[in-house]
Amino acid sequence: MALRRTLGCAVRRYSQGATKEWLTEDFLDSLRAVVGSANVSTAAAVLEQHGHDESIHRCCPPDAVVWPQNVEQVSLLATACYSRGAPIIPFGTGTGLEGGVSAVKGGVCLNLTQMDQISELNTEDFTVAVEPGVTRKALNSFLRGSGLWFPVDPGADASLCGMAATGASGTNAVRYGTMRQNVLNLQVVLPDGRVLHTAGQNRRPRKSAAGYHLTGLFVGSEGTLGLITQATLRLHGIPEATVAAVCAFPSVQAAVDSTVQVLQAGIPIARIEFLDDVQMGACNCYSGLSYAELPTLFLEFHGTENGVDEQVQATGEIVQSNGGSDFMWAREQEACNQLWAARHNAFYAALALRPGWKAYSTDVCVPISRLPAILVETKTDLLESKITGPIVGHVGDGNFHCLLLFDPEDAEESQRVVDFAKRLARRALAMDGTCTGEHGIGLGKRQLLREEVGEVALSTMQQIKATLDPKNLMNPGKVLL
């Protein structure tokens, strides 16, 4: 279990931890008075379920779990916790990868999934408002028939408000942007119970120069500044034509060079994803496919029929100039979905390479021009470190993941994985990049954040945190050391 200890989630048993003077039956009764007894639980199994996400960080359960039904209840619950000094941990679908829901200081977990209303759909303005219980797939199902969709796709069917909280991204970001570009307004309950509308109540302009960009402050704040209870999102028109393709390359360098050249040529590609030879072999075994086990690009083109044909032709010429194979095409929606299902299942395909092992996903991102160098260096480091680490990446953004497989019972191997992940993150920083492109800081990357932004920026973040959350009750222990 060396890896989990190193990545920073201290073990906290139900009977351990600092004295919690706030944790009384009267306090729990005050929570029940807000949401009803059926929506408050202190059952051990429920607490454990809410003490971890999909990361490798050890479970740190809260002391109580509460299910509010609306923003008024969230406000009252926050007020009660604030007055007693009880930590508050927001919880959505639990699909995070950095330990963001671990209750490292105990406290009250607010499970927001029962707040699942979709409102204020404006098809002419391309906007919609969603509550925390609405997931990406649920929203796109709701939008079916409107001619609109929400394209930010991190793979997991995550809560959209949770995606805003972590600054999520995904396979479509190269064309449509990340959550930072697609959130217009947020309703946030502050630690003391006040309700904030970051762009003003009911405001949804496509741009604004009015005051500080509070929406941008809360996107990516990982629940450390307040509870996001509604997000107003930017929607996009469904393209007339969609074509997906797969292309193999003789080397990592050739595949990444093609990516850079496609972007430099101004081709408005919708997705361009990289999978290395190890990952392609894993996908073939897991999904019953027969792709060449070589460095590979998965691509998708959106636009009019003629526009897509032009994009395909231009991309094909670039691919061929770099020794790429002929495209394997998918034009029908079902075939496109099958192709991308293989990409989205990459994590589980990697785990299947070593049954019973764990996987830690790195998340570095570098400027596009540095992508060929860092990928080649990373492949060499994996081989020299004797680590099985399939690589997948949103290479159109310079963002990629090594899925590092390890035996959790092997302390020496666990330490090699820790050391590799730190080297990779610092390699990205040395190339003017970031330690996290989309997963967030959470528990494990707080020291790397300090190295990345410097003392002045970190001090500024600490001052913002202290101003909005002077008692350090909102998701304590995350992001900032």
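Visitor: How do the residues of the lining of the second largest pocket divide into nonpolar, polar and charged?

Guide: The model is a predicted one. In the lining of the second largest pocket, twelve residues are nonpolar, eight are polar and ten are charged. The lining holds 30 residues in total, and the pocket has a volume of about 860 Å³. Nearest its centre lie W149, R271, E300, Q333 and N337.

Several elements contribute to this lining. At least two residues each come from α5 (136–142), β7 (148–149), β12, β14 and α13 (333–344). Of these, α13 gives the largest share, six residues.

Helix α12 runs over residues 305–321. At 1.5 Å a residue, its 17 residues should span 24 Å, and the distance of 25 Å between its end C-alpha atoms agrees with that. The buried residues of α12 are G307, V308, Q311, V312, T315, G316, I318 and V319. Seen down the helix axis, the buried residues of α12 fall within an arc of 165°, so they line one face. An α-helix has 3.6 residues a turn, so residues three or four places apart point the same way. On the other side of α12, the exposed residues are N306, E310, Q313, E317, Q320 and S321. After the helix comes G323, with a positive phi near 80°.

α10 also takes part in the surroundings of another helix, α15. The buried residues of α15 pack against α10, β13 (271–275), α11 (277–287), β17 (391–394), β18 (399–406) and α16. Those buried residues are L371, P372, I374, L375, T378, K379, D381, L382 and S385. The helix covers residues 371–385; at 1.5 Å a residue, its 15 residues should span 21 Å, and its end C-alpha atoms are 21 Å apart, in agreement. Just after α15, K386 has a positive phi of about 55°.

Strand β17, one of the elements packed against α15, contains G393. This glycine has a relative accessible area of 0%, which means that G393 is buried. Leaving aside residues up to four places away in sequence, G393 touches I272, E273, F274, R343, N399, F400 and H401. By contrast, I464 is 71 residues from G393 in sequence, and their C-alpha atoms are 33 Å apart in space.

Phi of D432 is positive, near 65°, in a residue other than glycine. Most residues other than glycine have a negative phi. D432 has a relative accessible area of 61%, over the 50% cut-off, and therefore counts as exposed. Another residue with a positive phi, near 60°, is E222, again not a glycine. E222 lies in the loop between α9 (214–218) and β10 (227–234). Its relative accessibility is 12%, under the 20% cut-off, so E222 counts as buried.

The largest cavity has a volume of about 50 Å³. Its lining is made of E54, S55, I56, L97, F347, A359, Y360 and S361. Three of these residues come from strand β16 (residues 358–361), the largest share of the lining. By kind, the lining of the cavity divides into five nonpolar residues, two polar and one charged.

A last stop is helix α3 (residues 44–49), where V46 is placed. V46 touches S41, V65 and W67, not counting residues up to four places away in sequence. D63 is 17 residues from V46 along the chain, with 10.0 Å between their C-alpha atoms.

Methods:
Residues numbered from 1 in each chain as written. Predicted model: local features only at pLDDT ≥ 70, side-chain atom pairs only at ≥ 80, totals over all residues. Heavy atoms only, no water. Helix = DSSP H or I, 4+ residues; strand = E, 2+ residues; numbered from the N terminus. Expected span 1.5 Å × (residues − 1). Buried < 20%, exposed > 50% of the residue type's maximum accessible area, 1.4 Å probe, protein only. Arc of directions from axis to C-beta. 1 Å grid on protein atoms, 1.4 Å probe; cavity = no way out; pocket = protein on both sides within 12 Å on 5 of 7 lines; lining within 4 Å. Points joined across faces, edges and corners; volume = space filled by probe spheres on them. Nonpolar A, V, L, I, M, F, W, Y, C, P; charged D, E, K, R; others polar. Contact = heavy atoms within 4.5 Å.
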